[in-house]
Amino acid sequence: MPPKPPRRAAGWVRLGKIGLTLLTLGLLYHSVVAAPDTAAAWRQLLASTLSGRGRGPVLAALALVPFNWGLEAWKWQRLAQHLEPGHSFGRSFRAVLLGLTLGFATPNRVGDYAARILELHARRRLEAVGAVFLGRYAQFVATVLAGGAGLLYFLLAFYLGGYPAAQVGVAVAAALVGAAALLPLYRSRLLLAALALLKPLRRFRRYLAVMPTYTAGELHAVLLISFIRYVLFCGQFLLLLYAYGVRTPLGPAVAAVAGTFLFKSLVPSLNALADVGVRELSATHLFGLLGQPVLPVLSASLSLWVINIALPSALGLLLLPGLRVLRERKSR
């Protein structure tokens, strides 16, 4: 399990996350739900979408859910095989679904770490923390690179028009941020050295010490899978947006989706439920800049959360009794 921060610091961090979550949900409620006639219009939109032309794209997005989490399971299999040669795809897929379930209501989705770690043999569980972090970080890199490009589009198109020097500066800054995001992935020894210099973070070094043992080829494969999964996730969002009637050119739509995912990744998450609001507020703002109404964008974003997080988390409940640590206890 990942080490816990000091109790006092953890309390302040948790309080801050709760406050941020409540503020986000409050803004979302004030801007959408509290508006006159919104509830009736929302019900009409949902009914017309699910019974009309939008049903096909919704079903297509739903059909992509197993591929989405299958890619995550494949990525975890590649990482776990470094620790346990022969680690099967089935075990990896089960660990991913269990991680969704256990992480649904745990702070920072610690349950996701727990499920994957506990599915490994006991002697490799400490190293597994670093492997899980590596997989998550690779997905974060994909989000930062794509999301940075998306936000760069909005900055150049809506905020920095007529300021060429500022445009160049922002583009250079975006490139530097992307390079900085890649650095800990391929130069993890520098990350470990930095942790050694910061006393409060030294305790994390032993959990991440496994990262430099992954070869460049393994890291390339993990990052490639992360990008494929990112593209699939964006495709699901675009399908749902189309289903609910959002009509905007593909390029700006992709930029808005990428920017939305980046905002969601940067905002601290209390749990999976807290993500409801962060992504929606970001999506409605970015698509609002493209002249799209709030309700269709909000509906698509909420539907994306339901089909990719809520439903698989419920499915993971069926696998909970088969968790390796529980089987090990029963066999004693």
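Contact means heavy atoms within 4.5 Å. Helices are DSSP runs (H or I, at least four residues), numbered from the N terminus. The model is predicted: local features need pLDDT of at least 70, side-chain atom pairs count only at pLDDT 80 or more, and totals for chains, interfaces and linings use all residues. Residues are numbered from 1 along each chain as its sequence is written, and side-chain values use heavy atoms, without hydrogens and water.

**Exercise 1.** State which residues of α11 meet which residues of α12, and classify them.

Solution. Step 1: from α11, take Tyr230, Phe233, Cys234, Phe237, Leu238 and Leu241. Step 2: their partners in α12 are Leu250, Ala253, Val254, Val257, Ala258, Thr260 and Phe261. Step 3: by class, this contact has 12 nonpolar, 1 polar and no charged residues (Ala, Val, Leu, Ile, Met, Phe, Trp, Tyr, Cys and Pro count as nonpolar, Asp, Glu, Lys and Arg as charged, the others, Gly among them, as polar).

**Exercise 2.** Describe how α4 and α7 pack, and name the α4 residues involved.

Solution. Step 1: α4 (residues 65-81) and α7 (residues 125-159) pack at an angle of about 135 degrees, their axes 10 Å apart (axes are lines fitted to C-alpha atoms over the stretch in contact, and angles run from 0 to 180 degrees between N-to-C directions). Step 2: the two helices are therefore oblique to each other (angles under 35 degrees count as roughly parallel, over 145 as roughly antiparallel, 65 to 115 as roughly perpendicular, the rest as oblique). Step 3: the α4 residues are Glu72, Lys75, Trp76 and Leu79.
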